[in-house]
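Biologist: I'm new to this one and would like a guided tour. Could you show me the model before we start?

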Amino acid sequence: MKALVLKAINHLVYEDVPTPRPKEGEVLLKIKASGICGSDIARVFTKGTYSFPTIPGHEFAGQIVEVGRGVNDKLIGKKAAVLPLLPCKKCDMCEIGEYASCRNYNYFGSRCDGGFAEYLVVPVWNLVMCEGELSYEEMAMAEPAAVSLHALSKVGVELGNSIAIFGAGAIGLMLAEFAKAWGAGKVILLDIDERKLAFAKEMGYKFAINNASANWQEEIMAITNGKGTDIAIEGAGVASALGGCLNVVKPQGKVVLMGNPIGDMNLPQHDYWEVLRKQLTVVGTWNSSYTQKKNDWQIALDTVASGKMDVKKFITHKYKLENGNEAFEMVRDRKEFSNRVMFIME
Ligand SMILES: [Zn+2]
Ligand SMILES: [Zn+2]
């Protein structure tokens, strides 16, 4: 099969590799759509994967074409999205179903081979199916959708709640869509990239504010009648956005820390005081829930299938796998505005 193989930092090669075979409890997935996450850009160009060579990619969906021993062959032909987390299922966190907090996990696309390939062997446990009619591209958006849904469910949204979201990329915008679907009132998106703000406005978000501008905080105060927002989400991974969240959220408000930090997240004394004086609830979020009780993936796909959320509009670019380097360089160099860039395999 063909795959994009990361052999070293900044050395991604499109080449032939052996097609894997499913073992007991596994299926062979013919990958049909595979999205490039912001974290993949860092992996390919600066951070690397945990070992080399590795096939990156953790946001993908495909068709089940073969099953291993003990797996119902009725699955053959079915469409599936894939939870990229491979928990140990032995540690204390796994025992209580908190797989995202597993102490010894594996992960498609960073710790082991992932979705920038024609095929991948996947345990049945990791398959997420959908009753409704969804395209492979929509199903490949399940991962960022589940991550944003999980972040939002850390605080919950009450009818009419105002929310400020720092970072208007794919996850920030999807989080905004879920917030609206759950009855949020004013949804305010913040970013320092004017193109992202323009994209948010095109999607119908009239409060899309550049938080590098002079009076962005006053703007938020005006929008919320001088009260501040009920909820603030740090989705940019920079200290200024964290400080921004603490400053614009109202007393007793809730702040969710979600963005991968690009460096140290130092706080000025004044911002730290905001946490104390306003008695804020500040919570972290990571990955997604995947249990019988609460499965963010199923909720995300069902929300899309029900028509309450259109994830297709996030997909701004499609590439063939063979043009992998071109796609990665386009995103890295911001040659064009992009939201989700996806590889489509026939
Ligand atoms: Zn991702
Ligand atoms: Zn575990």
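Biologist: Let me start with one residue: is aspartate 296 buried or exposed?

Modeller: Before that, some ground rules. This is a predicted model, where local features need pLDDT of at least 70, side-chain atom pairs count only at pLDDT 80 or more, and totals for chains, interfaces and linings use all residues. Residues are numbered from 1 along each chain as its sequence is written, chains are lettered from A and ligands numbered from 1 in the order in which they are written, and side-chain values use heavy atoms, with hydrogens and water left out. Now, buried means under 20% relative accessible area, exposed means over 50%, and partly exposed is in between, using a 1.4 Å probe and protein chains only. Aspartate 296 has a relative accessible area of 0%, so it is buried. It lies in helix H10; helices (H or I, at least four residues) and strands (E, at least two) are DSSP runs, numbered from the N terminus.

Biologist: How far apart in space are aspartate 296 and leucine 149?

Modeller: Their C-alpha atoms are 6.5 Å apart, although 147 residues separate the two in sequence. Compare phenylalanine 199 and proline 261: they are 62 residues apart along the chain, with 23 Å between their C-alpha atoms. Phenylalanine 199 belongs to helix H6 and is buried too, at 10% relative accessibility.

Biologist: How should I read a nonpolar core, and which residues have the most contacts inside the largest one?

Modeller: The general idea is that nonpolar side chains tend to be buried together in soluble globular proteins. Here a core is a set of buried Ala, Val, Leu, Ile, Met, Phe, Trp, Tyr and Cys residues joined through side-chain atoms within 4.5 Å. The largest one has 58 residues, and Ile163 and Ile233 have the most contacts inside it. Several elements each supply at least two residues, including helix H4 (142-153), strand S10 (163-166) and strand S13 (229-234). Helix H5 gives the most, with seven residues.

Biologist: What does S13 pair with?

Modeller: Two strands pair if DSSP finds at least two bridges between them. S10 and S13 run parallel, over four bridges, and five bridges join S13 to strand S14 (residues 249-257), again in the parallel sense. Follow glutamate 234 in S13: phenylalanine 166 stands opposite it, and in S14 its bridge partner is leucine 257. S13 is mostly covered, with six of its six residues buried.

Biologist: And where would I look for a hairpin?

Modeller: Go to S1 and S2, which form one with two residues between them. Strand S1 (residues 2-8) and strand S2 (residues 11-16) are antiparallel, over six bridges, and alanine 3 faces glutamate 15 in S2. Asparagine 10, in the turn, has a positive phi of about 65°.

Biologist: Which other residues have a positive phi without being a glycine?

Modeller: Lysine 89 has one of about 60°, and glutamine 252 has one of about 65°. Lysine 89 sits in the loop between strand S6 (85-86) and helix H2 (92-95) and is partly exposed, at 45% relative accessible area. Glutamine 252 lies in strand S14 and is exposed, at 56%.

Biologist: Which residues coordinate the zinc ion (ligand 1)?

Modeller: Donors are N, O and S atoms within 2.8 Å of the metal (3.2 Å for Na, K and Ca), and water is not among the atoms, so sites may look incomplete. In this case, Cys37 (SG), His58 (NE2) and Glu59 (OE) coordinate the zinc ion, at 2.2 to 2.5 Å. Their spacing along the chain is C-x20-H-E. Cysteine 37 lies in the loop between strand S3 (26-36) and helix H1 (38-47) and histidine 58 in the loop between H1 and strand S4 (59-67), so the pair ties together parts that are 21 residues apart in sequence. Cysteine 37 is buried at 13% relative accessible area, and histidine 58 is buried at 6%.
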